[in-house]
Amino acid sequence: MEVVIVPDAKAGGELIAEAMAKLLGRKPGALLGVATGSTPLPVYEALAAKVRSGAVDVGRARIAQLDEYVGLPADHPESYRSVLRREVLEPLGIGMGQFTGPDGTAEDVQGACEAYDKALSDAGGVDLQLLGIGTDGHIGFNEPCSSLASRTRIKTLTEQTRIDNARFFDGDIDQVPHHVITQGIGTILEARHLVLLATGEGKADAVAATVEGPVAAVCPASALQLHPRATVVVDEAAASKLKLADYFRHTYANKPEWQGI
């Protein structure tokens, strides 16, 4: 696992956007896995700036969704499909025809989960999956003690998660769905390159457990240690609990520039 410590969220976003741009330069039809939330926004903003400047062509790029609420219409403003359309697709100028995600409105939810796993495989697999991390170490909606071999599946949201997400639903927890579809940890690990971005002191304990702790289901993100190409990009605050922070700074500073991340 490579750990890159950056000064702030903006620098992290620019670093990851540059990696995406280089990937699309090598493979114009690459499948990029994206996440929702505030943490990855600097990545999308930096990538959109590159598109506007002509530095990268996303005309053949494809976008894949990490998770989705169950029961929300696809056009609901807070469905993750809608959020990603606003925050990723439209700023990049990518049409919905280049987007794939799970069907959160399907009557057969389990069938929809299996269909999405198959769709990702049929698409050739995710080339780069961008991830955030929760304060408890969750990735996607794989909460602590999720199986490290899990596939795309339905998960029940904790009450705290529903309370946290109520701010997106006019503060009304009754509007927040109880269930989500999420790529499982086993599904996530099939991507060719995993890039986890974490910013802020509140993520410091989770980052330390992910990078320096044991591989354990109690910290789902620790499964990234099993991946042959996982990159963890953190700002100084999120890196504050890392015992090997100086080593990570040294190795990145002396890394050949052509390797990127």
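Start by selecting Y69, Y80, F141 and F169, which form one aromatic cluster. Rings of Phe, Tyr and Trp (its six-membered ring) pair if their centres lie within 6.5 Å; planes under 30 degrees apart count as stacked, over 60 as edge-to-face and the rest as tilted. The model is a predicted one, in which local features need pLDDT of at least 70 and side-chain atom pairs count only at pLDDT 80 or more, while totals for chains, interfaces and linings use all residues. Residues are numbered from 1 along each chain as its sequence is written, and side-chain values use heavy atoms, with hydrogens and water left out.

**Aromatic pairs**

The structure holds four aromatic pairs. Keep Y69 and Y80 selected: they form a stacked pair, 4.7 Å centre to centre with 25° between the planes. The pair links distant parts of the chain, with Y69 in strand β4 (residues 67-69) and Y80 in helix α3, 11 residues apart. Helices (H or I, at least four residues) and strands (E, at least two) are DSSP runs, numbered from the N terminus.

Buried means under 20% relative accessible area, exposed over 50%, and partly exposed in between (1.4 Å probe, protein chains only).

Now select Y247 and F248. Their ring centres are 5.8 Å apart and their planes are at 55°, so this pair is tilted. F248 is buried, at 8% relative accessibility.

**Two helices side by side**

Next, show helix α2 (residues 41-53) and helix α3 (residues 80-92), which pack at an angle of about 10° with their axes 9 Å apart. That makes α2 roughly parallel to α3. Axes are lines fitted to C-alpha atoms, for helices over the stretch in contact, and angles run from 0 to 180 degrees between N-to-C directions. Angles under 35 degrees count as roughly parallel, over 145 as roughly antiparallel, 65 to 115 as roughly perpendicular and the rest as oblique.

Which residues make the contact between α2 and α3? On α2 they are L41, Y44, L47, A48 and V51, and on α3 they are E87, V88, P91 and L92. Contact means heavy atoms within 4.5 Å.

Go to H193 in strand β9 (residues 193-198). H193 is buried, with a relative accessible area of 3%. Leaving aside neighbours within four places in sequence, H193 is in contact with D127, L128, Q129, H227, R229, T231 and I261.

Then select helix α7 (residues 204-212), where A204, A206, V207, A208, T210 and V211 are buried. These buried residues pack against β1 (2-6), β9, β10 (230-235) and α8 (245-253).

A237 is the next stop, in the loop between β10 and α8. A237 is partly exposed, at 29% relative accessibility. Beyond its neighbours within four places in sequence, A237 is in contact with G200, E201 and A204. A237 and G200 are 37 residues apart in sequence, but their C-alpha atoms are 5.0 Å apart in space.

**Two loop residues**

C145 is in the loop between β6 (128-131) and β7 (153-156), and has a positive phi of about 75° although it is not a glycine. C145 is exposed, with a relative accessible area of 61%. D170 is in the loop between α5 (159-165) and β8 (179-182). D170 is not a glycine, yet has a positive phi of about 60°. At 74% relative accessibility, D170 is exposed.
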